[in-house]
Amino acid sequence: QVQLVESGGGLVQAGGSLRLSCAASGSILRVNTMGWYRQPPGKQRALVAVITRGDSTNYADSVKGRFTISRDNAKNTVYLQMNSLKPEDTAVYYCNVGGYSSAYYNFNVWGQGTQVTVSS
């Protein structure tokens, strides 16, 4: 099995910064795409940013220029640096990781979610 552990959420004032981390562990042979999604209150979960194993990235228009996704392949960890935070960034942030396990099957798993609250 593959598990994800997220950290780094919290309460911050508008204009502030937070850094989220998500570490994958377990029966992992190879991690491919890693990403962050968020779900604001009363809304659907939506993509924030993704990064491939080759470090290609894609961002939601609403976070371009403010958020940066990165990864450490040696640690199977993905990060989301969030700067210039706005109240509309308030949401539960979920990590998503896809890859290939040492038991020879593809996996796609979600983290437990971490709350980010931006006060005005």
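1. A salt bridge here is a side-chain nitrogen of Lys or Arg within 4 Å of a carboxyl oxygen of Asp or Glu. Lys64 makes one with Asp61, with the closest N and O atoms 3.1 Å apart. Ground rules: this is a predicted model, where local features need pLDDT of at least 70, side-chain atom pairs count only at pLDDT 80 or more, and totals for chains, interfaces and linings use all residues. Residues are numbered from 1 along each chain as its sequence is written, and side-chain values use heavy atoms, with hydrogens and water left out.

2. The salt-bridge count is 3. Arg38 meets Asp89 at 2.9 Å, N to O, linking strand β4 to the loop between β8 (77-82) and β9, 51 residues apart. Strands are DSSP runs of E, at least two residues, numbered from the N terminus.

3. Arg66 also bridges to Asp89, at 2.7 Å between the closest N and O atoms. Shared partners join Arg38, Arg66 and Asp89 into one network.

4. How exposed are these side chains? Arg38 is buried at 12% relative accessibility and Asp89 at 1%, whereas Lys64 is partly exposed at 48% and Asp61 exposed at 65%. (Buried is under 20% relative accessible area, exposed over 50%, partly exposed in between; 1.4 Å probe, protein chains only.)

5. On to the strands, which pair if DSSP finds at least two bridges between them. β4 (residues 28-39) and β9 (residues 91-101) are antiparallel over 9 bridges, with Trp36 partnered by Cys95. β4 also joins β5 (residues 46-51) through 5 antiparallel bridges.

Methods
Helix = DSSP H or I, 4+ residues; strand = E, 2+ residues; numbered from the N terminus.
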